[in-house]
Amino acid sequence: MIRRALVCLLTFGLVACATPPQSPSPSPQAVSEPATPPATATPAETSVEAVPVSAPVDLAPVPFETARANFVRDTAAKYGIEAHYIESVLAQAQFRDDIVSLMSRPAERVKPWSEYRPNFITAARIDGGRAFMARHQAALQRVERQYGVPAEVIVAIVGVETSYGGFTGRHRVIDALYTLGFRYPRSGNPERAAYEHRREQFFRDELAQLFALGHEENLDITALTGSYAGAMGLGQFMPSSYREFAVDGNGDGRRDLFDSFDDVFASVANYFRKKGGERGGWVPGGAVVARAELQPGFEEFNPETWTPDYTLADLARRGYRPLEPVAPDATATLVSLEGSAGKQYWLGFQNYYAITRYNNSKMYAMAVYQLSQAIAGKEIPPA
């Protein structure tokens with residue numbers, strides 16, 4: 001996981017995270033929701049990469065009754081689900097004003113790295129991660145051998161997203177997706193109209209994918225709970241990501257991201273390996289980041305995306321020099337962070353890019369990586 005207006009609404013695969021507590025739950029095995037929501041420490045919005053603008057869309061309003069009927073018809077045809085079943089489930093869904101309110105909140109200021117990191121890298125979270133990793137050592141080692149994703153990285157994702165399963169969200173997924181799919185909040189700003197329309201269509205598609213997921217996994221989708229944006233389970237997968245990347249890690253014939261740690265670990269690792277498009281995902285054994293410095297007399301370089309397209313020679317021409325050994329044929333992106341002692345510069349390699357596919361925020365990716373290193377007992381630099 002770890003921006004209040006978007007709260008992890010960054011990637012179109014894993015769109016949202018639960019709001020985990022500041023410190024891990026005393027019982028990482030528990031996935032039930034606390035009686036009251038914990039103090040927030042969400043993967044807040046932090047310098048999201050530029051996303052290409054989609055082609056123009058028809059913004060003409062469609063009456064709700066028509067849109068709903070079209071949804072039932074199209075979902076039934078696309079996924080082979082009886083229309084009357086879809087109707088019966090939608091009849092149980094509720095429009096939730098609190099979800100609209102959460103999605104409508106104005107964005108907080110973007111916190112600098114020096115303020116952002118302490119929300120996620122705490123002694124309690126590190127200790128909780130080590131205990132969690134020890135408890136599930138055998139399963140995590142199996143997944144690491146199979147997928148090449150380090151166990152500590154998988155644990156860090158679960159720690160950031162749901163505090164090791166301690167808080168996976170309190171909203172019914174069907175309500176969240178029904179609300180955002182048909183009543184996504186509108187700001188009234190013409191410059192945001194196309195974006196808001198696309199977001200509503202995205203959530204409507206996720207609602208359809210939820211029906212498909214329920215059909216494929218024999219789930220009662222009216223009983224599933226998750227974040228206010230519809231992400232669910234210990235890894236906070238949206239329905240489309242659940243369908244595409246979840247795997248059966250224990251061989252019981254099901255893909256259970258709510259109660260099966262074997263399935264959760266394998267699914268997070270599989271997501272890392274496969275999510276990345278043509279660029280690809282996680283490279284086993286590959287580096288994640290390396291510290292760098294900007295030589296005097298050069299202007300700062302801020303790439304628009306986290307794609308590691310720049311050779312060391314490219315970055316050298318821009319004034320950047322790695323401060324630790326780097327493979328001479330490596331390609332990277334440049335990550336700038338506002339640290340407590342001044343600007344920090346990092347080279348982000350393919351595996352850093354892979355973490356940003358989980359949440360396309362540069363600080364989220366760095367927090368996950370540094371938390372993973374701390375859990376593994378390695379020294380991490382000051383914030």
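User: How do the residues of the lining of the second largest pocket divide into nonpolar, polar and charged?

Analyst: They divide into eleven nonpolar, four polar and six charged. Here Ala, Val, Leu, Ile, Met, Phe, Trp, Tyr, Cys and Pro count as nonpolar, Asp, Glu, Lys and Arg as charged, and the others, Gly among them, as polar. Please keep in mind that this is a predicted model, where local features need pLDDT of at least 70, side-chain atom pairs count only at pLDDT 80 or more, and totals for chains, interfaces and linings use all residues. Residues are numbered from 1 along each chain as its sequence is written, and side-chain values use heavy atoms, with hydrogens and water left out.

User: What makes a space a pocket?

Analyst: On a 1 Å grid over the protein atoms alone, a pocket is an open set of points with protein on both sides within 12 Å along at least five of seven lines; a lining residue has an atom within 4 Å of a point. The second largest pocket holds about 540 Å³, a volume taken as the space filled by probe spheres set on the points, which are joined across faces, edges and corners. It has 21 lining residues, and the closest to its centre are Ala-67, His-197, Glu-200, Gln-201 and Arg-204.

User: Which helix gives the most to that lining?

Analyst: Helix 1 does, with eight residues. Helices here are DSSP runs (H or I, at least four residues), strands are runs of E (at least two), and both are numbered from the N terminus.

User: Why is His-171 called buried?

Analyst: Buried means under 20% relative accessible area, exposed over 50% and partly exposed in between, using a 1.4 Å probe and protein chains only. His-171 has 3% relative accessibility, so it counts as buried. His-171 lies in strand 1 and touches, among others, Ile-99 and Leu-102 (contact means heavy atoms within 4.5 Å), not counting residues up to four places away in sequence.

User: How do you know that the buried residues of helix 3 are on the same side?

Analyst: The buried residues of helix 3 are Ile-99, Leu-102 and Met-103. They cover an arc of only 95° around the axis, so they sit on the same side of helix 3; the arc is that of the directions from the helix axis to the C-beta atoms. These residues pack against strand 1, helix 8 and helix 9.

User: What makes helix 8 mostly covered?

Analyst: Ten of its ten residues are buried, including Val-173, Tyr-178 and Phe-182.

Notes: 1 Å grid on protein atoms, 1.4 Å probe; cavity = no way out; pocket = protein on both sides within 12 Å on 5 of 7 lines; lining within 4 Å.
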